[in-house]
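Have the coordinates open as you read along.

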Amino acid sequence: MYFDGRTANYEKEPYLEITQKDAQAFWGFVEIADCLKMKIEQLQKERVIVVIDYYHGVRQKEIEKLIDLIAPDQSIFCETAKIEEEILGQLLHHHITDDRVFGILGMHTMSEFYDKKRQEELQKEIEQFQKGVLIVYGVGASLFAKPDLLVYGDLSRWEIQLRYRSGELDNWGVGNYDEDILRKYKRGYFVEWRMLDRHKVQIFDQIDFLLDTNVKGDPKMINKVTFDQIMEQFREQYLDQKEPLHFRKLKVDDLSGETKSQFDTRVTVLYTDHGVEKQFEAVGNGPIDAVQRGLQEETGVRIKVLDYEEHALQS
């Protein structure tokens, strides 16, 4: 049905204003680095472990530029412990398959992609660091150390696909920059994104800052309070909205035997209007006509029926 005079409610660029006093946002490498340095100083600890974990697709060079501005006493790139593609490809083949498009959804976790022996060696190196600021960074970096400060770098799924298409991005550690885009997308969809999403969900409650890396050379960062408030306002404004009209139950009575009526059908409709349960009765020539007439009378809005389908159930 089409409601004449209706107001469109689709927002191409949704905007949420955050009003909480301790909400914070930072823009650009210098401002973000200054914020993290100040946070490190506020911890007032002799030994500070900063973990910068991120989704595959975030530009490693941008993370390293940020690290250079922070100027820690030491930094460790955790992805040196990742299992080689020759071995990993065999382990994942069942899910990747030989098909160009179709695969099998994987149930892998982040830890399966790392060599346990090399991971333990890096963890031992981290444990031996006793004084100053140490930054551990890379995809899944939070698996290697318990952080005093946890930053998570993220980007949209669409941006990942664009980086696949441009040849800038490979599948994680594969080096297949120029491979068929559909095969790259397939491995991401069926294997890597499932694993990365599980890892992200597990650590989201622990993050101190969320780093937005969608725009090249133009990072933004918010603190945990801001992130939580955005999610709460998004839920209230978009997810918890009641449907304007939702049909619950329909009763149809045949009036064709009643000579006094100019209509052959009466309907009784039970529906909710923005969550409030309501009911109306209406008559018309057939159920669709009756419902249309009843809705127009109930809502005061002129309605056109653009299309309909009938479905028959057979025993």
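A residue counts as buried under 20% relative accessible area, as exposed over 50%, and as partly exposed in between, using a 1.4 Å probe and protein chains only. At 35% relative accessibility, I288 is therefore partly exposed, whereas Q229 is buried, with a relative accessible area of 11%.

A word on the ground rules. This is a predicted model, where local features need pLDDT of at least 70 and side-chain atom pairs count only at pLDDT 80 or more, while totals for chains, interfaces and linings use all residues. Residues are numbered from 1 along each chain as its sequence is written, and side-chain values use heavy atoms, leaving out hydrogens and water.

**Overall layout**

The protein has eight helices and twelve strands; these are DSSP runs (helices H or I, at least four residues; strands E, at least two), numbered from the N terminus. Its radius of gyration is 28 Å, well over the 20 Å that the globule rule gives for 315 residues, so the protein is more spread out than a compact globule. That radius is taken over C-alpha atoms, and the rule is 2.2 Å times the number of residues to the power 0.38. Along its principal axes the C-alpha trace spans about 95 × 55 × 30 Å. Buried residues make up 40% of the 315 residues.

**Cores**

A nonpolar core is a set of buried Ala, Val, Leu, Ile, Met, Phe, Trp, Tyr and Cys residues joined through side-chain atoms within 4.5 Å. The largest one has 64 residues, and L36, I52 and V136 have the most contacts inside it. A second, separate core of nine residues includes V267, F280, A290 and I303.

**Two residues in their surroundings**

How far apart are the C-alpha atoms of I288 and Y308? They are separated by 8.7 Å, with the two residues 20 residues apart along the chain.
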